[in-house]
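Subject: Structure handover

Hi,

Here is the structure I promised you. Please open it next to this email and follow along.

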Amino acid sequence: MTGFAAILIVSKSFQIGAPARPQSPAADPIAILVRGDTVVDSTVDADSLLGESSLIGLDWAALRLLLLDRFKETPEDLPHMPLRLWAGQDAQAALNFRPGGDGVVHISIDAPELSHSLKTRMQWDEARNSRLISATEEAPFAMWETAADGSLSWCNGAYRALIADTEAAHGAGETADAAPQGEAAVFTLAPPPDTGARAERVHRIDAKGRDHWYEVTSLARAGGAIHFATNIDSLVDAEMAQRKFVQTLTKTFAHLPIGLAVFDRDRRLVLFNPALVDLTNLRADFLTARPNLMSFFDHMRENQTMPEPKNYGNWREQLSEVISAAHDDRYCETWNLASGLTYKITGRPHPDGAVAFLLEDISAEISLTRRFRSELELTQSVIDCFPDSVAVFSQLGVLAFSNAAYRDFWKCDPDSAFAEMTIVDATRDWQSRCDPSPIWSEIREFVLTLLDRAAWDAHLRTRDGLDLTVSVIPVSAGATMVRFSETVTQAAQTQDESLVTV
């Protein structure tokens, strides 16, 4: 970058690429005449040296900015006494100020005569340096150079536009080309770096009161620094939108009973909710320190909020499989903890390589399921004790319960069937083993009806000659119980009574 700045200085100093004027056989003196604060006359060589088609009309601030390329000690105000300054990079070049009457100052530059070979070489470099000057001047981002004391020594058009906007914001009323002594009027920067580069984010307010953000990169160079400022408003807006979105998510997830832990693509914890703290017993300061995924699960293991692995040596290898499964949206496990609690943990993929884990306490659900299963087993064991055949059908006509006597008598096992048994299937089996009777359609209609119902009985005879009493009884939730009991005949009853008398 030092060589780049040097090319800029040489290009400005010797005006490579400026519009050419007809040259006289003898070189004109390098002289400028300033009256008051404005250039009123200049020689052709002065215009050419400072890189302008004509210096006439420039004010002293703009002229000083051109002279600062070579003469770093050029004063802010025109001197009222004779002054001679030497160029910092050329001990034989001098800038002379000679005040005259009526506020006129004669400015001249003494420079040694260049050799013919050097002039030829500079002419060869004219096209390349012209492109370089044009590129820096028309660059869409601000570029400027400062001396060791922070004073501005060079800037491009984008920076001068920022100067004009800053002056308009402060009501300075100066022209756009009038550069301040330092860059503080546009950006407030830290001291230039001693070596290397430094990047910082800087905020400024324009003349209309709007906020702007810039990424300013400063590169150290001999005797100062060169700076580049890139507008990053869109980046800052995106970051603020993301931050607000995360805050919104955090507020939303704060009321969820399910623990949430989101890890970024680097496996760092970037988002969690209070429920995660309650479920894992992990300290909030540990979670806010953004632990990695391995450390997160290690601490859960220490707190006994996850099952103890049988082989801890293979645990970390299993974690990589867990992460891979979560990325494929196929990780879901149930953890039975030593405390008696039951957790359900689910892994879900997120954009940009992130992964989220959901931790839910399902202890109450598991307890309820176990109690419900126990009640079902108790109910089944009770109806299995009945000597009569019992079948219970739901409101939709699907067989819900049947006891052992029913399965033995009707030679069927509904639990082993592939499809659910309905009242239609059941009545078809009953009908095939009994004498013809008109009650089968009545039973089907009774089971499937939604109207108020009353229990009723009917008599059947099996093809084996066994008399049965079928009782159709409505029960809760729209279900229906069908009970088959063996009918005791009058002859059998009389025989039993006589045996008792004897």
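Below are the source notes, then the findings, region by region.

This is a predicted model: local features need pLDDT of at least 70, side-chain atom pairs count only at pLDDT 80 or more, and totals for chains, interfaces and linings use all residues. Residues are numbered from 1 along each chain as its sequence is written, and side-chain values use heavy atoms, with hydrogens and water left out.

A word on naming. Helices (H or I, at least four residues) and strands (E, at least two) are DSSP runs, numbered from the N terminus. Two strands pair if DSSP finds at least two bridges between them.

**β1, β4 and β5**

Start with β5, residues 104-110. Strand β1 (residues 31-35) runs antiparallel to β5, and five bridges join them. Val34 stands opposite Val105 of β5. Strand β4 (residues 94-99) is also antiparallel to β5, with six bridges between them. Here Asn96 faces Ser108 in β5. β4 and β5 make a hairpin, with four residues between the strands. Look at Asp102 in that turn: its phi is positive, about 60°.

**The sheet with β11 to β15**

Next comes an open sheet of five strands, ordered β12-β11-β15-β14-β13, with antiparallel pairing. β12 (269-272) and β13 (331-336) are the edge strands; each has a single partner, so one side of each is left without a neighbour in the sheet. The twist from one strand to the next averages 20°. (Axes are lines fitted to C-alpha atoms, for helices over the stretch in contact; angles run from 0 to 180 degrees between N-to-C directions.)

Strand β11 covers residues 259-263 and pairs with β12 over three bridges, in the antiparallel sense. Ala261 stands opposite Phe272 in β12.

Helix α10 (residues 293-302) lies across β11, β13, β14 (342-349) and β15 (355-361). The helix runs at about 15° to β15. Contact means heavy atoms within 4.5 Å.

**The cavities**

How many cavities of 30 Å³ or more does the structure hold? Three. The search used a 1 Å grid over the protein atoms alone: a cavity is a set of points where a 1.4 Å probe fits but cannot get out, and lining residues have an atom within 4 Å of a point. Grid points are joined across faces, edges and corners, and a volume is the space filled by probe spheres set on the points.

The largest cavity has a volume of about 40 Å³. Its lining is Gly259, Ala261, Leu276, Phe296, Met300, Ile345, Phe357, Leu358 and Leu359. β11, α10 and β15 each supply at least two of the lining residues. β15 gives the most, with three. By type, the lining has eight nonpolar residues, one polar and no charged. (Ala, Val, Leu, Ile, Met, Phe, Trp, Tyr, Cys and Pro count as nonpolar; Asp, Glu, Lys and Arg as charged; the others, Gly among them, as polar.)

**The sheet with β16 to β20**

Another open sheet has five strands in the order β17-β16-β20-β19-β18, with antiparallel pairing. β17 (399-402) and β18 (456-461) are its edge strands, and each pairs on one side only. The twist averages 20° from one strand to the next.

Strand β16 (residues 389-393) and strand β20 (residues 480-486) pair antiparallel over five bridges. Arg483 in β20 is the bridge partner of Val390.

Which residues does Gln395 touch, leaving aside neighbours within four places in sequence? The contacts are Val447, Leu448, Leu450, Ala477, Gly478 and Ala479. Gln395 sits in the loop between β16 and β17. The C-alpha atoms of Gln395 and Ala479 are separated by 4.9 Å, though the two are 84 residues apart along the chain. Gln395 is partly exposed, at 36% relative accessible area. (Buried means under 20%, exposed over 50%, partly exposed in between, using a 1.4 Å probe and protein chains only.)

Ala477 lies in the loop between β19 (467-474) and β20. Ala477 is exposed, at 72% relative accessibility. Its phi is near 60°, a positive value in a residue other than glycine.

Lys411 is in the loop between α13 (404-410) and α14 (423-433). Its phi is also positive, near 55°. Lys411 is exposed, with a relative accessible area of 69%.

Best wishes

Note on methods. On a 1 Å grid over the protein atoms alone, a cavity is a set of points where a 1.4 Å probe fits but cannot get out, and a pocket is an open set with protein on both sides within 12 Å along at least five of seven lines; lining residues have an atom within 4 Å of a point.
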